[in-house]
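Please look through the sequence and the model shown here before reading the report that goes with them.

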Amino acid sequence: MDVYGLLGNPVGHSLSPPMHEAGYEKLDIDARYVTFEPPVERGADAVESAAMLGVSGLNVTIPFKQDVLDAVEPDDTAARIGAVNTIDFSTDPPTGHNTDAAGVVRALEHHGVSLDGRAVLVGAGGAGRAVAFALAGEGMAVDIANRTVEKAVDLAADVTESVVDGSASGHALDELSDLLADADVLVNATSVGMEEDRSAVPRDGLHADLAVLDAVYSPIETRLLRDAADAGARTVDGAWMLLYQGVEAFERWTGHRAPVAAMNDALRSSLET
Ligand code: NAP
């Protein structure tokens, strides 16, 4: 039996175990997916222990996504983003990947959103970095707005330096309405709206030509998504990004095409409980 898992602290209410185990069951794969919660200062040590114990793969979440960089061989995407959320132990040293980047692209593509033109990204934390590299990597011009403007400007410089087709620029949150006027895609990657009825995006900037993805998935229908729907925009909830980052990890670990519908059903059922 293969053992996969999630490394984080806390990991108590993670949606990943039911989502991945639904995939193993559907494909008749002999595997389990469990959670590991080491002390916050021991993330890199936990990766070494997992390798020693024969764990096949780990997802990584807060607060360890940066800490584990030293314990793995990061691929180019993870190294540029500066965060690892998926570890593959099939090699020595294990390799580190960032499937949040592919997750946002696949979530938008699933909904028929074309990834050309202009994107506005709100947030420049861990998720924001993954989204910025992903959308610019698809060739989009990405305007990044963040509460701490310097982080948006620094991220834009990192992106512009490393992507071939796309580009990025950094902005303050009060520029959002202007930035959105000729945008095609909006992604919220701040934690605003998580377990609260607030949005980081002013309603007057939203319009019917936008596709809006909110990385926040608790609640599933955030204030931003309600405002976007009211403005006639297409909406994509955060569970789609969560699903596809998991699908990417599943496919890397098992070598099988993921049973996306079964994993999505399990994820949506868990979100309702
Ligand atoms: P993080 O690294 O802590 O970054 C938090 C971001 O939110 C920063 O840009 C921060 O701005 C901004 N922010 C926080 N409070 C704010 C406020 N009151 N007003 C304006 N901006 C505020 O967190 P993260 O890991 O990027 O996660 C961000 C969100 O994405 C979380 O809700 C997380 O659950 C979600 N997420 C979802 C997925 C998915 O698969 N759907 C994957 C990853 C993360 P400053 O830089 O100014 O502090």
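Predicted model: local features only at pLDDT ≥ 70, side-chain atom pairs only at ≥ 80, totals over all residues.

## Nonpolar cores

The largest nonpolar core has 57 residues, and within this core Leu-108, Leu-135, Val-142 and Ile-144 touch the most other members. Helix H9 (residues 238-254) contributes the largest share of this core, namely ten residues. Another core, of 16 residues, lies apart from it, with Val-120, Val-201, Leu-210 and Ala-228 among its members.

When neighbours within four places in sequence are left aside, the residues in contact with Ile-144 include Leu-121, Ala-132, Leu-155, Ala-168 and His-171.

## The ligand

The ligand is surrounded by 24 residues, of which Ala-127, Asn-146, Arg-147, Thr-148 and Lys-151 are the closest. A backbone N or O atom of Ala-127 is 2.7 Å from an oxygen atom of the ligand, while polar backbone atoms lie 3.1 Å from a ligand oxygen in the case of Ala-124 and 3.2 Å in the case of Leu-242. On its own the ligand has 930 Å² of accessible area, and the protein covers 78% of this.

## Salt bridges

The count of salt bridges comes to 13. One of them joins Arg-118 and Asp-143, with the closest N and O atoms 3.2 Å apart; because Arg-118 belongs to strand S7 and Asp-143 to strand S8, this pair ties together parts that are 25 residues apart in sequence. Arg-118 is partly exposed at 30% relative accessibility, whereas Asp-143 is buried at 5%.

Asp-197 forms a salt bridge with Arg-226 (2.9 Å, N to O) and also one with Arg-223 (3.6 Å, N to O). Through shared partners, salt bridges join Asp-197, Arg-203, Arg-223, Arg-226 and Asp-227 into one network.

How values were computed:
Residues numbered from 1 in each chain as written. Heavy atoms only, no water. Core = buried A, V, L, I, M, F, W, Y, C linked by side-chain atoms within 4.5 Å. Buried < 20%, exposed > 50% of the residue type's maximum accessible area, 1.4 Å probe, protein only. Helix = DSSP H or I, 4+ residues; strand = E, 2+ residues; numbered from the N terminus. Contact = heavy atoms within 4.5 Å. Near = heavy atom within 4 Å. Polar contact = N/O pair within 3.5 Å; in protein donor to acceptor, adjacent residues only side chain to side chain. Areas by Shrake-Rupley, 256 points an atom, 1.4 Å probe, with all protein chains shown as cover. Salt bridge = Lys/Arg side-chain N within 4 Å of Asp/Glu carboxyl O.
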